Amino acid sequence: ADGAAAAVSDAQKVVVKAIGADKAPKDGAGGNADAVATMPSQHEALIVVVLRHAQRVCQQYAGGVQLIESMLYAQLRAAIGKEVSVADFDAYMRYDARRVLLERYAPKGFSYALRRDGRCPEGVVSLTVPATSADGGGGDRPVDTFVRVRQPWRAASVAGTPPPPPVECA
C-alpha cells in the first residue's frame with residue numbers, strides 16, 4: 001500500500017512540475033500543498049499535460065509552415081522580379097483559364113437566379129469584386145466560378161397524366 005501511495009505522490013509531483021504549479025507561492029512548510037490539493041485527479045492532470053504538449057507541437061508546426069511560406073514568397077519574388085498582388089494573380093488565372101479550357105468549361109461569373117418551382121426568377125444572387133485597370137476601369141465585375149449546368153428534372157407522369165408545361169418567363 002505504501003508503494004501505491006508513493007507512486008501517486010510521485011505522479012502528482014511530476015504533473016505539478018509539468019503544468020507549472022511549482023512556480024506557485026509555497027506554503028510555510030516549504031512544500032506545495034495548495035497545488036497538489038487543488039488538483040482534481042491524475043487523469044485530468046494528464047489531459048492538461050498532453051494538451052499543452054499538443055499546443056506546443058501545433059505552434060512549432062505553424063512556425064514551420066510560416067517559414068516555408070516566406071521562403072516560397074521570396075523565391076517567387078526573385079523569379080518574377082516584383083511583388084505579385086492579388087489582382088495580378090487573378091488576372092493571370094483568368095488569362096490561363098481562357099488559354100487552357102474550352103469555352104464551355106471556362107469559369108463564368110457567379111450569378112444564381114432565385115426562383116420557386118414553377119415560377120419565374122424572383123431575384124438574382126451574384127458575387128462581384130471591384131474592377132481593376134486590367135478589367136477596363138471602374139465598376140464591378142463578377143467573380144469567376146466553375147459552373148455545372150444541368151437540365152431541370154421533370155417528374156414522370158403519374159397514371160398517364162402529362163407533366164406540367166414549362167413556365168414561360170417574359
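These legends walk through a few views of a predicted model.

**View 1. The whole protein, end to end.** Since we're looking at a predicted model, local features need pLDDT of at least 70 and side-chain atom pairs count only at pLDDT 80 or more, while totals for chains, interfaces and linings use all residues. You'll find four helices and six strands, read as DSSP runs numbered from the N terminus (helices are H or I, at least four residues; strands are E, at least two). Follow the chain from the N terminus and the order is α-α-α-α-β-β-β-β-β-β.

**View 2. Confidence along the chain.** The average pLDDT (the predictor's confidence in each residue, from 0 to 100) is 77, and 61% of the residues score at least 70. Which element has the highest mean pLDDT? That's helix H3 (residues 42-80) with 92, whereas helix H2 (residues 33-38) has the lowest, 59.

**View 3. Surface and contacts.** The protein shows about 14,100 Å² of accessible surface (Shrake-Rupley method, 1.4 Å probe), and 61% of that belongs to carbon and sulfur atoms. Of the 170 residues, 7% are buried, meaning under 20% relative accessible area (1.4 Å probe, protein chains only). Take the contacts (heavy atoms within 4.5 Å) with a separation of 6 or more: residues 24 or more positions apart account for 40% of them.

**View 4. The second largest pocket.** A pocket here is an open set of points on a 1 Å grid over the protein atoms alone, where a 1.4 Å probe fits, with protein on both sides within 12 Å along at least five of seven lines; lining residues have an atom within 4 Å of a point. This one has a volume of about 310 Å³, that is, the space filled by probe spheres set on the points. Its lining includes Lys108, Phe110, Ser111, Asp117 and Arg148. Strands S1 (108-109) and S2 (111-114) each supply at least two lining residues, with S2 giving the largest share, three.

**View 5. Ser111 in strand S2.** Zoom in on Ser111, which lies in strand S2 and is also one of the pocket's lining residues. Leaving aside residues up to four places away in sequence, Ser111 touches Val124, Val125 and Ser126.

**View 6. Arg141 in strand S5.** Arg141 sits in strand S5 (residues 140-142). Is Arg141 buried or exposed? Arg141 counts as buried because its relative accessibility is 13%. Its C-alpha atom is separated by 5.6 Å from that of Val129, 12 residues apart along the chain.

Definitions and conventions
Residues numbered from 1 in each chain as written. Heavy atoms only, no water. Buried < 20%, exposed > 50% of the residue type's maximum accessible area, 1.4 Å probe, protein only.
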